[in-house]
Amino acid sequence: MSKAQSIIDIEMMQHAINLAKLGRFTTTPNPNVGCVLTVGNEIVGRGYHQKAGQGHAEVNALMDAGERAKGATAYVTLEPCSHFGRTPPCAQGLIDAGISRVVIAMTDPNPKVAGRGIAMLEDAGISVTSGILTQLARDLNPGFLSRMEKKRPFVTVKLGSTLDGATALNDGTSQWITGSEARVDVQQWRAQSCAILTGSATVLADNPSLNLRWPEIGQVSDVINQSQLRQPIRIVIDSRNQVTPNHKMVAIESPIIIVRRQADELPWPSHVEQLIMPGEGQLDLNDLMIELARREINSVWVEAGQTLCGALLEANLVDKVIIYQAPKLMGSGNKGLFTLPSVNHIDKLVDLTIDDVRLVGNDIRISATPKREHI
């Protein structure tokens, strides 16, 4: 490959990655994928996957290009699928359209594909180049990749605190520590998640709705077709059956999963499922995450108290921590961020890598990744 060609490949793949990002609020449980078709240096077709069950990125790009697709080069952020799902194989669609070359950012870790799409293209005589902007392509789909590679969802823990690390007063009062801009920002994160997880303690203390409030999201909702709007699944860990049909979140008719040791006989509406995980003591969070992955939940956004957040961190199930820090001080003796075992040596501290720090309104948003494998 010439240097000029490699530069073009990078530029076009970046276009495809930018297209893929447009589907980040609507594609679950499918990955975000973008596709660009070119003839020479000219783009003749663009497409991205918009919603599960609808056309994939390649199909939409081929429709955009029409007859100009014949002989074109296709740039795709994820290996074209090779199997029949809710839609036909995209690899076959590219073959039938007469595409001459396919450039792929990364292979698909889904065992139903996993190199079979590339093999199908090459068997049809199509030149395939892979590994262009691979990390940027992986960054598009942390949840999908986690489900395929780790067999569990990607878990993000969100917390709001004062500058001195307090999340609530001793009586549980926590609304509102952070400002309105931070709350809008949280709505955008919720919109990208498959599920929102909390504990019964948070439901009892705050009586939240935990729903996605699209009107608050602003410019994000402007680029989404109204028919594609969705609500993340709301999940409550409630091992002592403390949540009832009278809580505010139940009144909103979108799916709720209440995780319990045993079911109760209360009059729950049809959108509420009691997920029974028998046993004694603390629920096994690893088993819960495996079950959520089995249900094709790619990403879990956690808004919970320090006990559940600490338990997830201790179980090595937290992939990202997002903390909104308000320019306020609450003083000593109030609730903190995580309940974790005390340590007796500085080397045993939970180590984080800071990925991003920015102002959101008057608050500081810190995004960090846990570095330690074990606590």
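Me: Leaving aside its neighbours within four places in sequence, which residues is His 247 in contact with?
Reply: This is a predicted model, and everything said here is computed from it. His 247 is found in the loop between β8 (233-237) and β9 (256-260), and a polar atom of its side chain lies 3.1 Å from the backbone nitrogen of Thr 244. When neighbours within four places in sequence are left aside, the residues in contact with His 247 are Val 203, Leu 204, Asn 207 and Gln 242.

Me: Does His 247 count as buried or exposed?
Reply: The term buried is used for a relative accessible area under 20%. The relative accessibility of His 247 is 14%, and therefore His 247 counts as buried.

Me: Which residues does Met 13 touch, not counting residues up to four places away in sequence?
Reply: Met 13 is one of the residues with the most contacts inside the largest nonpolar core. Not counting residues up to four places away in sequence, Met 13 touches Tyr 75, Val 76, Thr 77, Val 103, Ile 104, Ala 105, Ile 132 and Leu 133.

Me: Which strands stand at the edges of the five-strand sheet?
Reply: Five strands form an open sheet with mixed pairing, in the order β2-β1-β3-β4-β5. A strand at the edge has a single partner strand, so one side of it is left without a neighbour in the sheet. The strands that stand at the edges are β2 (42-48) and β5 (127-130).

Me: Which residue in β5 does Val 102 stand opposite?
Reply: Strand β4 (residues 101-104) and β5 run parallel and are joined by four bridges. Within this pairing, the residue in β5 that stands opposite Val 102 is Val 128.

Me: At about what angle does helix α2 run to β2?
Reply: Helix α2 (residues 57-65) lies across β1 (34-39), β2 and β3 (73-76). Taken against β2, helix α2 runs at about 140 degrees.

Me: How many of the eight residues of helix α6 are buried?
Reply: Helix α6 (residues 142-149) is mostly covered, and its buried residues pack against α5 (134-139), β6 (154-162), α10 (285-294) and β11 (299-303). The buried residues are Gly 143, Phe 144, Leu 145, Ser 146, Arg 147 and Met 148. Of the eight residues in α6, the number buried is six.

Me: What separation do the C-alpha atoms of Glu 181 and Val 360 have?
Reply: Glu 181 lies in helix α7 (residues 180-191), and, leaving aside its neighbours within four places in sequence, Glu 181 is in contact with Val 360 and Gly 361. Although Glu 181 and Val 360 are 179 residues apart along the chain, their C-alpha atoms are separated by 6.1 Å.

Me: Which residues does Asp 185 touch, not counting residues up to four places away in sequence?
Reply: Asp 185 has its place in helix α7, and its relative accessibility of 14% means that Asp 185 counts as buried. Not counting residues up to four places away in sequence, Asp 185 touches Tyr 324, Val 360 and Arg 365.

Me: Which residue takes a positive phi in the hairpin of β13 and β14?
Reply: Strand β13 (residues 352-360) and strand β14 (residues 363-370) pair in the antiparallel sense over eight bridges, and Thr 353 has Thr 369 in β14 as its bridge partner. The hairpin has two residues between the strands, and the residue with a positive phi, near 65 degrees, is Gly 361.

Me: How many disulfides does a search of the whole structure find?
Reply: A disulfide is a covalent bond between the sulfur atoms of two cysteines. The sulfur of Cys 90 is 3.7 Å from the closest cysteine sulfur, in Cys 81, which is too far for a bond, and the sulfur of Cys 194 is 19 Å from its closest cysteine sulfur, also in Cys 81 and also too far. For the whole structure, the number of disulfides found is zero.

Notes:
Residues are numbered from 1 along each chain as its sequence is written. This is a predicted model: local features need pLDDT of at least 70, side-chain atom pairs count only at pLDDT 80 or more; totals for chains, interfaces and linings use all residues. Side-chain values use heavy atoms; hydrogens and water are left out. A nonpolar core is a set of buried Ala, Val, Leu, Ile, Met, Phe, Trp, Tyr and Cys residues joined through side-chain atoms within 4.5 Å. Buried means under 20% relative accessible area, exposed over 50%, partly exposed in between (1.4 Å probe, protein chains only). Contact means heavy atoms within 4.5 Å. Two strands pair if DSSP finds at least two bridges between them. A polar contact is a pair of N or O atoms within 3.5 Å; within protein, one must be able to donate a hydrogen and the other to accept it, and residues adjacent in sequence count only if both atoms are side-chain atoms. A disulfide is a pair of cysteine sulfur atoms within 2.5 Å. Axes are lines fitted to C-alpha atoms, for helices over the stretch in contact, and angles run from 0 to 180 degrees between N-to-C directions.
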